[in-house]
Amino acid sequence: MSVKLIAVDMDGTFLDDDKKYNKTRFLSQYAQLKQLGIKFVVASGNQYFQLKSFFPEIASEIAFVAENGAYIVNEGQDVSVAEIPAESVEKILNFLHEIPGVRTVICGKNSAYIHASRPEDFYQKMKRFYHHLIQIDSTSEINDTIFKFALNISDEHLAELMSSIDRELGHIVTPVSSGHGSADLIIPGRHKANGLRILQELWGIDDSEVVTFGDGGNDIEMLQQAGFGFSMSNAMASATAAANYVAGSNNEEGVLDVIDKIIKHEKPFS
């Protein structure tokens with residue numbers, strides 16, 4: 001079965017630890033992928049506006065499964081936009097307000113939002129991940145489609161926080177971890193794999209024709225779903241267990257090495 005779709009996570013996967021990739025090498029590969037009719041999809045927990053900034057030359061040609069599957073864009077056009085109902089948003093925020101040490105980013109279609117009382121260093125850190133980020137004094141100022149919450153907390157409290165969220169809010173949101181003291185609250189079932197499935201139906205592509213790359217807990221479903229699921233050699237144990245193949249490190253262009261094999265029809269793609 002030939003490969004028809006490649007989907008890559010970004011942080012810890014396609015990007016190295018300096019948040020860069022070998023653009024010259026990849027754009028040469030991308031030109032060959034286009035000739036072969038292979039779709040390229042960016043599947044990340046990050047904001048769409050941040051993700052497309054990494055691909056200015058081709059952003060209008062490729063697809064993005066952004067915000068862990070909540071927002072799907074193909075060739076610059078919206079394909080699917082999830083939404084958490086207003087009453088659920090209020091319940092989630094009330095719950096998070098009672099937990100000490102949690103810093104929350106409210107993620108919407110048009111922007112992300114953080115409370116103006118948060119420290120300046122946190123705001124500046126989040127600006128790296130959310131190119132559209134607004135400081136607010138009250139959530140009543142938000143007029144947007146909300147589809148995700150991003151949480152930051154110390155690593156030693158992350159597992160406990162995720163368990164408590166699952167107990168108290170599991171019927172309206174699912175906590176997923178990308179490691180490093182961060183977790184997203186997503187709509188149940190609206191993960192990256194679901195986003196890829198929507199695109200596959202649009203393009204008529206079977207799971208067996210898909211190659212995915214990931215390193216974190218939020219990649220598990222798409223690594224399991226794809227015919228060729230590659231965890232990175234630097235991946236979390238849960239991602240490694242979900243994949244049936246291993247790529248090299250994100251700091252050693254592991255994804256690009258596998259793409260070369262796809263283009264050349266080398267094992268396991270021969």
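The questions and answers below concern selected strands and helices of a predicted model.

Q: Why is Val-73 called buried?
A: Val-73, which is found in strand β4, has a relative accessibility of 1%, and because buried means under 20% relative accessible area, Val-73 counts as buried.

Q: With which residues is Val-73 in contact, leaving aside its neighbours within four places in sequence?
A: With those neighbours left aside, Val-73 is in contact with Tyr-48, Ile-62, Ala-63, Phe-64, Asp-78 and Val-79. For Ile-62, the separation from Val-73 is 11 residues in sequence and 8.5 Å in space, taken C-alpha to C-alpha, while contact itself is judged on heavy atoms within 4.5 Å.

Q: Which way do the residues of β4 point?
A: Tyr-71 and Val-73 point one way from β4, whereas Ile-72 and Asn-74 point the other way, and all are buried. In a regular strand the side chains alternate between the two faces of the sheet.

Q: How do you know that β4 pairs with β5?
A: Strand β4 (residues 71-74) is joined to β5 by 4 bridges, and the two run antiparallel; since at least two bridges are needed for two strands to pair, β4 and β5 count as paired. Among the partners, Tyr-71 has Val-81 in β5 as its bridge partner, and Asn-74 has Gln-77. The two strands form a hairpin with 2 residues between them, and Glu-75 in the turn has a positive phi of about 50 degrees.

Q: What joins β3 to β4, and in which sense do they pair?
A: Strand β3 (residues 63-66) and β4 pair in the antiparallel sense over 4 bridges, one of the pairs being Ala-66 with Tyr-71. In their hairpin, which has 4 residues between the strands, Glu-67 takes a positive phi near 55 degrees.

Q: What makes β5 and β14 edge strands?
A: The open sheet has 8 strands in the order β5-β4-β3-β2-β1-β12-β13-β14, with mixed pairing. β5 (77-81) and β14 (245-247) each have a single partner strand, so one side of each is left without a neighbour in the sheet. From one strand to the next, the twist of this sheet averages 20 degrees.

Q: Why is α2 called roughly parallel to α10?
A: Helix α2 (residues 23-36) and helix α10 (residues 254-264) pack at an angle of about 30 degrees, with their axes 11 Å apart. Because angles under 35 degrees count as roughly parallel, α2 is roughly parallel to α10. Their crossing is left-handed, and the contact is made by Arg-25, Phe-26, Gln-29, Gln-32, Leu-33 and Leu-36 of α2 together with Leu-256, Asp-257, Ile-259, Asp-260 and Ile-263 of α10. These contact residues divide into 6 nonpolar, 2 polar and 3 charged.

Q: Which residues of α10 are buried, and against what do they pack?
A: Gly-254, Val-255, Leu-256, Val-258, Ile-259, Ile-262 and Ile-263 are buried in α10. The buried residues of this helix pack against β1 (5-8), α1 (10-14), α2, β12 (210-214), β13 (228-232) and β14. After α10 comes His-265, whose phi is positive, near 60 degrees.

Q: What makes β6 a mostly covered strand?
A: In strand β6 (residues 103-108), 5 of the 6 residues are buried. β6 is joined to strand β9 (residues 146-152) by 6 bridges, running antiparallel, and Gly-108 stands opposite Ile-146 there. To strand β7 (residues 112-115), also antiparallel to it, β6 is joined by 2 bridges, with Cys-107 opposite Ala-112 and a hairpin of 3 residues joining β6 to β7.

Definitions and conventions:
Residues are numbered from 1 along each chain as its sequence is written. This is a predicted model: local features need pLDDT of at least 70, side-chain atom pairs count only at pLDDT 80 or more; totals for chains, interfaces and linings use all residues. Side-chain values use heavy atoms; hydrogens and water are left out. Buried means under 20% relative accessible area, exposed over 50%, partly exposed in between (1.4 Å probe, protein chains only). Axes are lines fitted to C-alpha atoms, for helices over the stretch in contact, and angles run from 0 to 180 degrees between N-to-C directions. Angles under 35 degrees count as roughly parallel, over 145 as roughly antiparallel, 65 to 115 as roughly perpendicular and the rest as oblique. A crossing is left-handed if the near helix is turned anticlockwise from the far one by less than a right angle, and right-handed if clockwise. Ala, Val, Leu, Ile, Met, Phe, Trp, Tyr, Cys and Pro count as nonpolar, Asp, Glu, Lys and Arg as charged, and the others, Gly among them, as polar.
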